Amino acid sequence: MDLSEQEQDRYCRQMMMPGWGTEAQLKLKRSRVFIAGAGGLGSPVAMYLATAGVGTLRICDCGELELSNLNRQILHDDTRVGWNKAASAKKTLERMNPDITVEALQEKITAGSVAGLIGRVDLILDCLDNFPTRHIINEYAVHNRIPFIHGGVYGMQGQVTFIQAPETPCLWCISAGTPAAVFPIVGAAAGVIGCMEALEALKYLSGVGTNLRGRMLVWNGETTECMDLPQKRIPDCPVCGHVNR
Amino acid sequence: MAKVTCKYFVNVLGATKKDGEILDVPDGMDVEQFLDFISNKYGPDFAKHVYATGTVAGEPFKTPNIYLNKRRIQWLQDFPAGVKTKVKDGDEFWFGLIVGGGC
């Protein structure tokens, strides 16, 4: 696998990064990533991974686009209200970068469907809006040793962390979650957290930089403050407690 | 009495109407008792964020969803007694920190 002249031109500014070059760009091109959710977090995540040249994006969302989504879900627009979000995402992303492959999955992620939907990928990105589904993905990621980037947002606050259990705590070790509800959300806040997730993904896939392993960054956009919280494994964690390093 | 700092984050601000306070806690109270106390103080809209419930690895769970002195109470390396850990003067509890939105 090589980079075409067009790809070298498209990615030249990031390839200028120390340690990146052709080799890291080819790593991105060979990578296969699962994005769970094509909404507020999924939009910046998918757009920045697509424009950075991640070879295959497998994006999953069973929801239909509503007008009230459009303050934050920038993959979509007014003309697509009623569309499935994964299908809309595929159309946008292929326009943004025709050199990549985008697979749109329109199914719900459940304990029964998760293996078939995710399959073998290099990385999973959590762009979901509820903890029950996050924990289904967390279990799959832990048991299949697939790195998993978690993000969450509410109003103007959010958090992000890089999970690769058992080297790091899993999502269960970090948070059991919060009740699902309709919550306030400012689109730009989802943009900030989504961009952090995308950058964590690009660092992992390219091998440039260091990830938020065993740390959780909590960002409060209302006060523009950050907390960097160390995270630990729960010794008897029901998900990763029995997984050996 | 022990003086305990409570910080309230976005998930629970609707119930507390303030982002923090210092509470006097009777000596000898453990974390579980303190969580019951503060859940009663602020009611069900607060209490639903104190404990997380659901299913993981096929098993139902109910577990505290709080931080004590910047650490989860489930980290037995730090809190060998878990929720039976005694509340001390100067402790700091965080409620409603981890947010779950994204769609």
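In helix 4 of chain A, Ala46(A), Met47(A), Ala50(A) and Thr51(A) meet Ala89(A), Leu93(A) and Met96(A) of helix 5 of chain A. Sorted by class, that contact has six nonpolar residues, one polar and no charged ones. Keep in mind that this is a predicted model. The rest is grouped by topic below.

**Helix 4 against helix 5**

- Helix 5 of chain A covers residues 85-96, and helix 4 of chain A packs against it at an angle of about 30°, with the two axes 9 Å apart.
- Angles under 35 degrees count as roughly parallel, and helix 4 and helix 5 of chain A are therefore roughly parallel to each other.
- As for handedness, helix 4 of chain A goes past helix 5 of chain A in a right-handed crossing.

**Helix 4 against helix 9**

- Helix 4 of chain A also packs with helix 9 of chain A, this time at an angle of about 40° and with the axes 7 Å apart.
- That angle makes helix 4 of chain A oblique to helix 9 of chain A.
- Here, too, helix 4 of chain A passes its partner, helix 9 of chain A, in a right-handed crossing.
- On the helix 4 side of chain A, the residues involved are Ser43(A), Pro44(A), Val45(A), Tyr48(A), Leu49(A) and Ala52(A).
- They meet Gly191(A), Gly194(A), Cys195(A), Glu197(A), Ala198(A), Ala201(A) and Leu202(A) in helix 9 of chain A.
- Split by class, the residues of this contact between helix 4 and helix 9 of chain A come to nine nonpolar, three polar and one charged.

**The buried face of helix 3**

- Which residues of helix 3 of chain A are buried? In this helix, residues 21-30, they are Ala24(A), Gln25(A), Leu28(A) and Lys29(A).
- Looking down the axis of helix 3 of chain A, you'd find these buried residues within an arc of 150°, so they line one face of the helix.
- The buried residues of helix 3 of chain A pack against helix 2 (12-15), helix 4 (42-52) and helix 9 (187-206) of chain A.

**Where chain A touches chain B**

- Chain A puts 36 residues into the contact, and chain B puts in 25 residues.
- On the chain A side, helix 7 (131-143), strand 5 (148-154) and strand 6 (157-163) each supply at least two residues.
- By class, the chain A residues that touch chain B divide into 19 nonpolar, 14 polar and three charged.

Note on methods
Residues are numbered from 1 along each chain as its sequence is written. Chains are lettered from A and ligands numbered from 1 in the order in which they are written. This is a predicted model: local features need pLDDT of at least 70, side-chain atom pairs count only at pLDDT 80 or more; totals for chains, interfaces and linings use all residues. A residue is buried if 20 or more other C-beta atoms lie within 10 Å of its own, exposed if 12 or fewer, and partly exposed in between; C-beta atoms are placed from the backbone. Helices (H or I, at least four residues) and strands (E, at least two) are DSSP runs, numbered from the N terminus. The arc is that of the directions from the helix axis to the C-beta atoms. Two residues are in contact if their C-beta atoms, placed from the backbone, lie within 7 Å. Ala, Val, Leu, Ile, Met, Phe, Trp, Tyr, Cys and Pro count as nonpolar, Asp, Glu, Lys and Arg as charged, and the others, Gly among them, as polar. Axes are lines fitted to C-alpha atoms, for helices over the stretch in contact, and angles run from 0 to 180 degrees between N-to-C directions. Angles under 35 degrees count as roughly parallel, over 145 as roughly antiparallel, 65 to 115 as roughly perpendicular and the rest as oblique. A crossing is left-handed if the near helix is turned anticlockwise from the far one by less than a right angle, and right-handed if clockwise.
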